[in-house]
Amino acid sequence: EPRLRALFKDKEDREARIALGYVFLAWIAEDERYRADADDQFRRLLRADPADDEAAVGLARMYYAGADYDNGLAILDESLAKKPGSGLALYWKGELLYDRATQAFGRVKAVDDEVRAMFEKALGAYEASTKADPSRFDAWMKTGYSAQYLAGVDPSKQAVAQASYEKAID
C-alpha cells in the first residue's frame, strides 16, 4: 500500500485520486479497513469540487459495497441536485434502488406495493440515465430488468422491457 500511494505524488491530481479510490474500493472485499481509504479519496475530491459526480459515484459505490443504501442514495441525491443530468449518477442511483428492490422481492417473494414502489423508483432512475446518456448499454438492460419485475402487476411494462432490450442491442 505505501508503494501504491507513492505512485500518486501530486496530492491534487484528480484522476489519481479517482483511481486510488477505486483501488481501495476493490480491496474492501479483502479487508474492510480499506473502506476508510476509499472514503478519504472520494471525499477529498468532493471537498475540492462538490459537483464532482464521478467522486460522488465512487463514494456511493463504497456504500453500495456495504449494502448501505440510504447513505449511498443520499450522496447521489446531493450530487444530482448539483448536476441533475449526470447519467453516471443516475445509473448508480438506479443500481442502489434496484438492488434494494431485488432484496425486498427475495424476502416477500412477490411484487407487493412496497416492492413495486422500489422497482418503480429504480426504473425511473435508469430511464433518466438513458436519457442523459443513451450510449449506456447497462442502463438500458437494467431499465428492462426493472420493467420486467413490474410487468406482473402492470402489463404495459412488458413493452417497456422489450423496447429497452432492443435499444441496448441497437
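Select R136 and Y91 to begin: the charged end of R136 sits over the ring of Y91, 4.5 Å from its centre. The criterion for this is NZ of Lys or CZ of Arg within 6 Å of the ring centre and within 35 degrees of the ring normal. The model is predicted, so local features need pLDDT of at least 70 and side-chain atom pairs count only at pLDDT 80 or more, while totals for chains, interfaces and linings use all residues. Residues are numbered from 1 along each chain as its sequence is written, and side-chain values use heavy atoms, with hydrogens and water left out.

**Aromatic rings**

Rings of Phe, Tyr and Trp (for Trp, its six-membered ring) pair if their centres lie within 6.5 Å; planes under 30 degrees apart are called stacked, over 60 edge-to-face, and the rest tilted. Across the whole structure, 13 aromatic pairs are found.

One of them is Y64 with W92, an edge-to-face pair with 5.6 Å centre to centre and 75 degrees between the planes. This pair links distant parts of the chain: Y64 belongs to helix 4 (residues 53–65) and W92 to helix 6 (residues 87–108), 28 residues apart. Helices here are DSSP runs (H or I, at least four residues), numbered from the N terminus. Y64 has 25% relative accessibility and so counts as partly exposed, whereas W92, at 10%, counts as buried.

Next select Y98 and Y126, an edge-to-face pair with 6.2 Å centre to centre and 65 degrees between the planes. This pair also links distant parts of the chain, with Y98 in helix 6 and Y126 in helix 7 (residues 113–132), 28 residues apart. Both Y98 and Y126 are buried.

**The nonpolar core**

Now show L76, W92, L96 and F119. Of the 31 residues in the largest nonpolar core, these four touch the most other members. Such a core is a set of buried Ala, Val, Leu, Ile, Met, Phe, Trp, Tyr and Cys residues joined through side-chain atoms within 4.5 Å. Two or more residues come from each of helix 4, helix 5, helix 6, helix 7, helix 8 (137–151) and helix 9 (156–169). Helix 6 gives the most to this core, with nine residues. In soluble globular proteins, nonpolar side chains tend to be buried together.

**Salt bridges**

Colour the Lys, Arg, Asp and Glu side chains. A salt bridge is a side-chain nitrogen of Lys or Arg within 4 Å of a carboxyl oxygen of Asp or Glu, and a search of the whole structure finds 14.

Go to D53 and K83, whose closest N and O atoms are 3.1 Å apart in a salt bridge. The two come from distant parts of the chain: D53 is in helix 4 and K83 in the loop between helix 5 and helix 6, 30 residues apart. D53 is buried because its relative accessible area is 13%, while K83 counts as partly exposed at 36%.

Then pick K157 and D154, a salt bridge with the closest N and O atoms 3.9 Å apart. K157 is buried, with a relative accessible area of 19%. Another group to select is R14, E15, D52 and E54, which salt bridges with shared partners join into one network. Within that group, E15 pairs with R14, with the closest N and O atoms 2.7 Å apart. R14 is partly exposed, at 26% relative accessibility.

**Helix 2**

Stay at R14 and E15 and display helix 2 (residues 14–27). Helix 2 has 14 residues and reaches 20 Å from its first C-alpha to its last, close to the 20 Å expected at 1.5 Å a residue; the expected span is 1.5 Å times one less than the number of residues. At its start, a side-chain oxygen of D13 reaches to within 3.1 Å of the backbone nitrogen of E15. The buried residues in helix 2 include I18, L20, F24 and L25.

**Two loop residues with positive phi**

A67 is not a glycine, yet has a positive phi of about 55 degrees. A67 is in the loop between helix 4 and helix 5 (69–82) and, at 45% relative accessibility, counts as partly exposed. K109 has a positive phi near 60 degrees, also in a residue other than glycine. K109 lies in the loop between helix 6 and helix 7 and is exposed, with a relative accessible area of 66%.

Note on methods: Buried means under 20% relative accessible area, exposed over 50%, partly exposed in between (1.4 Å probe, protein chains only). A polar contact is a pair of N or O atoms within 3.5 Å; within protein, one must be able to donate a hydrogen and the other to accept it, and residues adjacent in sequence count only if both atoms are side-chain atoms.
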